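Morning, everyone. I'd like to walk you through some contacts in one model. Please have a look at it first.

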Amino acid sequence: MFSRILTSALFAGAAAGLIAALLQFLFVQPVLLHAELYETGELVHFGAEAVSAQPDLPGMFADPMRDALTVVFAMLTYTGYAVVMVALMSVAEGMGHAVTARAGLLWGLAGFITFHFAPGLSLAPEVPGVSYTDITARQIWWTATVAAAGIAMWLIAFGGNLMAYGAAALLLMAPHLIGAPEPDSFAGPVPTELGALFAARAFGVGMAAWVLLGGFAGYFWQTESKRAEAHA
Amino acid sequence: MTTKTLKASATGSAILPALFAVILGLGIVTLAGHVQASALHDAAHDVRHATGFPCH
């Protein structure tokens, strides 16, 4: 059982992580590199002169080591997500719910909401250079919010009664009503247009990668289960 | 009755591996997303920003 979870999760996580990295290079990295020009002070927003919105950016893969590490860590991160998701898929299957590639798309969407969208609703994906508060406080809030959203997703999917749905709604809202750690003052040198674009792109790429991750995880879990049955 | 007992025990034996896997997976996510050791932070920097982890 354990090796079946790990095998399926490794395949799904590696594939989705690789696609996530490619999508990041296409859609997120140009915004990130652009924002870094402001973070380093090379460009100044609201300075004496208006700044072009289309500066010369380093071309794609200008820093091969940096980009290679991005691929490695995207695959690692998505494999981590996949191990959690496939383990929960095995529990759901034990409860009598079919796990297929198609059902996996919904699992992926729920994972995106749990790990990206729920914490990101108050701690928006940060463009480089934004002002921020204590990292530990934000990590604690992030972890608690992900835990609450994960339980909420499970209740919505498998709770099956009004009480469960109500509890899920409360779990989804509570972290934001309590409030995420906020900085005392604003100091971000990056234009708001770039910050908004960065958050939107991060969410979009995250959603695409997560939905694919869910589909792959469902597919490989089903394939590995059939193989295990054939050998049994 | 027999079927029910069998099924229950099958489910019981499946929970433990799933639990270990969840802990392992969260460990990987924590390592890739949260640990602030500077070598790890620099290497994972772009991915952390793009996946919405609190960075810096």
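A:Glu126 is buried, with a relative accessible area of 12%. Keep in mind that this is a predicted model. Buried here means under 20% relative accessible area, so 12% qualifies. Who is the partner of A:Glu126 in a salt bridge? The partner is A:Arg138, and the side chains meet at 2.5 Å, N to O. A:Glu126 sits in the loop between α3 and α4 of chain A, while A:Arg138 sits in helix α4, so the pair ties together parts 12 residues apart in sequence. And A:Arg138 is buried too, at a relative accessible area of 2%.

Let's stay with salt bridges. How many does the structure hold over all chains? Four.

Next one: A:Arg66 with A:Glu36. Their closest N and O atoms are 3.1 Å apart. This pair links distant parts of the chain. A:Arg66 is in helix α2, residues 64-94 of chain A, and A:Glu36 is in helix α1, residues 2-39 of chain A. They are 30 residues apart. Now the accessibility. A:Glu36 counts as buried, at 16%. A:Arg66 has a relative accessible area of 22%, so it is partly exposed.

Another pair is A:Arg227 and A:Glu224. Their side chains meet in a salt bridge at 3.0 Å, N to O. Why are they separated by about one helical turn? Because they are three residues apart in helix α6 of chain A. A:Arg227 counts as partly exposed, at 47% relative accessibility. A:Glu224 is buried, at 9%.

Some of these bridges share partners. That joins A:Glu36, A:Arg66 and B:Asp46 into one network. Notice the chain letter on B:Asp46. It takes us to the interface.

Across the interface of chain B and chain A, the rule finds one salt bridge. The side chains of A:Arg66 and B:Asp46 meet there, at 2.7 Å, N to O. How many residue pairs are in polar contact between the two chains? Six, counting pairs with both residues at pLDDT 80 or more.

Which helices of chain B supply at least two residues each to the side that touches chain A? They are α1, residues 2-33, and α2, residues 38-50. The largest share of that side comes from α1(B), with 14 residues. By class, the side of chain B that touches chain A has 20 nonpolar, nine polar and one charged residues.

Now the whole contact. It takes 30 residues from chain B and 41 residues from chain A. The size of an interface is often given as the accessible area lost when the parts come together. Chain B and chain A bury about 3,000 Å² between them. Of that, 73% is on carbon and sulfur atoms.

On to the rings. A search of the whole structure finds 15 aromatic pairs over all chains. Let's take A:Phe112 and A:Phe203. A pair of aromatic rings is described by the distance of the centres and the angle of the planes. For A:Phe112 and A:Phe203, that's 6.3 Å centre to centre and 85 degrees between the planes. Planes over 60 degrees apart count as edge-to-face, so this pair is edge-to-face.

A:Tyr78, A:Tyr81, A:Phe115, A:Trp142, A:Trp210 and B:Phe53 form it.

A:Thr145 is in helix α4 of chain A. A:Thr145 is buried, with a relative accessible area of 2%. What does A:Thr145 contact, leaving aside its neighbours within four places in sequence? A:Ala118, A:Pro119, A:Pro175 and A:His176.

The other residue is A:Ala208, in helix α6 of chain A. A:Ala208 counts as partly exposed, at 32% relative accessibility.

Note on methods: Residues numbered from 1 in each chain as written. Chains lettered and ligands numbered in written order. Predicted model: local features only at pLDDT ≥ 70, side-chain atom pairs only at ≥ 80, totals over all residues. Heavy atoms only, no water. Phe/Tyr/Trp six-rings, centres within 6.5 Å; stacked < 30°, edge-to-face > 60°. Contact = heavy atoms within 4.5 Å. Buried area = accessible area lost by both parts, 1.4 Å probe. Polar contact = N/O pair within 3.5 Å; in protein donor to acceptor, adjacent residues only side chain to side chain. Helix = DSSP H or I, 4+ residues; strand = E, 2+ residues; numbered from the N terminus. Nonpolar A, V, L, I, M, F, W, Y, C, P; charged D, E, K, R; others polar. Buried < 20%, exposed > 50% of the residue type's maximum accessible area, 1.4 Å probe, protein only.
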